Amino acid sequence: MDPERKTPHRVNITDLLLPLDDTSGIPLYRQVYEGLRDAIIEGRLPAGARIPSTRRLAEYLAVSRTTVLVAFEQLAAEGFLVGAVGSGSRVSDQLPPAPPLPEADPRAATIPVTVEISRRGRSLLELPRPSRQLSPGSKAFRTGQPPVDGFPLEVWRRLASRRHRTLTSADLYHGSAQGLRKLREAIVTVAVARGIRCEPEQVLVLASAQEAMELVCRMLLDPGDEAWLEDPAWSGARAALVAAGAHIVPVPVDGAGLGVEVGILTAPQARLAYVTPSHQYPMGVTMSRDRRTMLLEWAQEHGAWILEDDYDSEFRYADRPLPALQSLDRTGRVVYVGTFNKTLFPALRLAYLLLPEKLIDAFREARGIGGQHPPAVDQGILSEFIAEGHYARHLKHARALGRQRRDTLLSTAARRLKGVEVTHTDTGLHTVGWLPEETDDRSVSLAALRHGVEAAPLSAHYMAACPRPGLVLGYGALTTRQITDGVERLSAALDEVISPARAGRRR
Ligand SMILES: Cc1ncc(COP(=O)(O)O)c(C=O)c1O
């Protein structure tokens with residue numbers, strides 16, 4: 001036999017572990033297609049690998065053979081598979097050109113962009129996505145999810161039906177582009193808890209913190225302007241800067257928050273700094289008073305803007321939170337973002353900006369031109385929810401749930417996740433689980449996905465090299481059972497990645 005001719009790599013069907021979810025609303029053929037396509041792009045299914053037949057795969061996944069056939073046909077049409085669809089499919093040796101992967105993130109750019117997308121659109125699609133929701137709902141250890149199961153749905157239903165019953169035709173016209181006056185007044189009262197004193201005129205209501213940040217970056221930055229971004233950072237902030245064509249300057253985060261000194265040394269003329277001072281995402285640290293003062297002084301001196309993302313500081317479990325950075329701003333350099341999608345429920349899609357006075361007119365006009373306000377009926381319901389005291393009551397309850405879930409995660413992880421050090425956090429809805437040095441957190445994260453849990457790799461949040469591997473673990477929406485079950489699954493995933501790596505090093 002020709003020694004050069006290799007036998008094709010055979011894929012073990014049980015290694016495919018496609019996480020199908022028939023409650024997700026995503027067609028099953030699409031889930032099979034995406035699962036196989038991701039495995040090919042990520043190299044888990046190498047070039048030339050022989051794929052199990054559609055019949056065997058359908059049996060194994062407990063789906064119809066047509067489902068698998070449609071997925072295979074799509075993969076063949078896109079050039080991922082070659083050979084007869086049915087029983088002779090192999091992974092192509094010549095994969096369709098994938099967009100370049102920034103920092104070789106395995107979850108980045110999982111969409112082969114085959115349609116005509118602008119360069120700016122592509123740069124967005126090509127950004128690393130630390131986590132990707134494969135199904136809706138709560139799932140261990142998905143981030144950014146509040147204790148939705150503790151939400152007073154009955155109260156919301158009552159306020160919503162009252163709002164709908166009392167609607168008149170006058171309510172059917174455009175409202176204020178700034179947002180419903182009653183809601184802006186209610187937001188002023190909410191901001192007081194963050195040490196902020198503001199007027200309803202300063203408030204702009206939007207659908208999400210993400211939308212707010214995109215508007216801020218579009219309005220305050222020109223393409224090519226330098227902007228500081230916390231490193232590591234929330235991927236959405238990076239996306240907002242990329243969408244505005246900004247030149248991103250990653251500024252390292254340490255135990256005192258954003259390294260303002262480094263930012264000043266690296267890019268003193270930057271136009272904007274993005275920060276999460278109350279609870280850095282994803283590291284969880286609080287920005288020190290000294291750094292806050294230094295940042296404000298720099299912004300004032302250079303006429304730069306500070307974009308303060310105060311996304312989850314309401315979830316504070318120990319001492320009183322430090323007031324928002326905005327409350328220290330005497331010269332109107334801070335644009336503050338708050339979101340109800342985190343304090344109440346993600347499907348709400350209501351958030352807000354608090355603007356320095358000099359930006360109010362321009363931003364109101366911009367909203368009028370570019371999208372108006374979020375649904376007025378929902379704004380009305382939320383304003384009553386706040387005004388009648390339900391918001392404050394719910395926050396108290398949600399905070400208690402958050403604290404209890406954090407404790408469960410910490411104690412279960414301490415018992416079951418050997419070698420993983422989970423940070424004790426006093427704020428928010430997520431924490432970091434530090435992995436043993438030299439562990440590849442992306443491999444652990446992928447193994448976790450195969451075991452049915454989401455654990456975003458810390459390294460995927462960095463623009464510079466990640467100094468220490470870790471996993472970002474959300475716990476806000478998880479019941480005790482979900483946490484304990486999730487920890488077991490994560491432990492199995494860790495065994496799969498860490499033990500063989502250790503054994504390899506010993507050899
Ligand atoms: C730091 C940070 N800011 C903002 C958001 C998004 O908030 P919204 O859903 O209102 O866009 C998230 C979401 O997880 C986040 O982690």
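The largest cavity in this predicted model holds about 80 Å³ of space. The count of cavities of 30 Å³ or more comes to four. Around the largest cavity, the lining is made up of 14 residues, and those nearest its centre are Ala233, Ser235, Arg238, Ala460 and His461. Two elements give two or more residues to this lining: strand E4 (226-231) and helix H9 (235-243). Strand E4 supplies three residues, the largest share of the lining of the largest cavity. Sorted by class, the lining has nine nonpolar residues, two polar ones and three charged ones.

The space that the ligand takes up is the largest pocket. Helix H8 (209-220) and helix H12 (340-343) are the elements that give two or more residues to the shell around the ligand. In total, 13 residues surround the ligand, with Ala209, Gln210, Asp309, Thr339 and Asn341 as the closest. By class, the shell around the ligand consists of five nonpolar, five polar and three charged residues.

| Residue | Atom of the residue | Distance to an oxygen atom of the ligand |
|---|---|---|
| Gln210 | polar backbone atom | 3.0 Å |
| Trp234 | polar side-chain atom | 3.4 Å |
| Asn341 | N or O atom in the side chain | 2.9 Å |

On its own, the ligand has 400 Å² of accessible area, and the protein covers 91% of this.

The backbone has some features to note as well. Most residues other than glycine have a negative phi, and most peptide bonds are trans. Against that background, the peptide bond from Ala140 to Phe141 is cis, with an omega near -10 degrees. Phe141 belongs to the loop between helix H5 (119-125) and helix H6 (153-165).

Another cis peptide bond runs from Tyr281 to Pro282, where omega is near 5 degrees. Pro282 is placed in the loop between strand E7 (272-275) and helix H11 (289-302).

Gln372 is not a glycine, yet its phi is positive, at about 60 degrees. The loop that contains Gln372 runs between helix H13 (360-369) and helix H14 (376-387).

How values were computed: Residues are numbered from 1 along each chain as its sequence is written. This is a predicted model: local features need pLDDT of at least 70, side-chain atom pairs count only at pLDDT 80 or more; totals for chains, interfaces and linings use all residues. Side-chain values use heavy atoms; hydrogens and water are left out. A residue is near a molecule or strand if one of its heavy atoms lies within 4 Å of it. A polar contact is a pair of N or O atoms within 3.5 Å; within protein, one must be able to donate a hydrogen and the other to accept it, and residues adjacent in sequence count only if both atoms are side-chain atoms. Accessible areas come from the Shrake-Rupley method with a 1.4 Å probe; for residues, only the protein chains shown count as cover. On a 1 Å grid over the protein atoms alone, a cavity is a set of points where a 1.4 Å probe fits but cannot get out, and a pocket is an open set with protein on both sides within 12 Å along at least five of seven lines; lining residues have an atom within 4 Å of a point. A molecule sits in a cavity or pocket if more than half of its atoms lie within 2 Å of its grid points. Helices (H or I, at least four residues) and strands (E, at least two) are DSSP runs, numbered from the N terminus. Ala, Val, Leu, Ile, Met, Phe, Trp, Tyr, Cys and Pro count as nonpolar, Asp, Glu, Lys and Arg as charged, and the others, Gly among them, as polar. Grid points are joined across faces, edges and corners, and a volume is the space filled by probe spheres set on the points.
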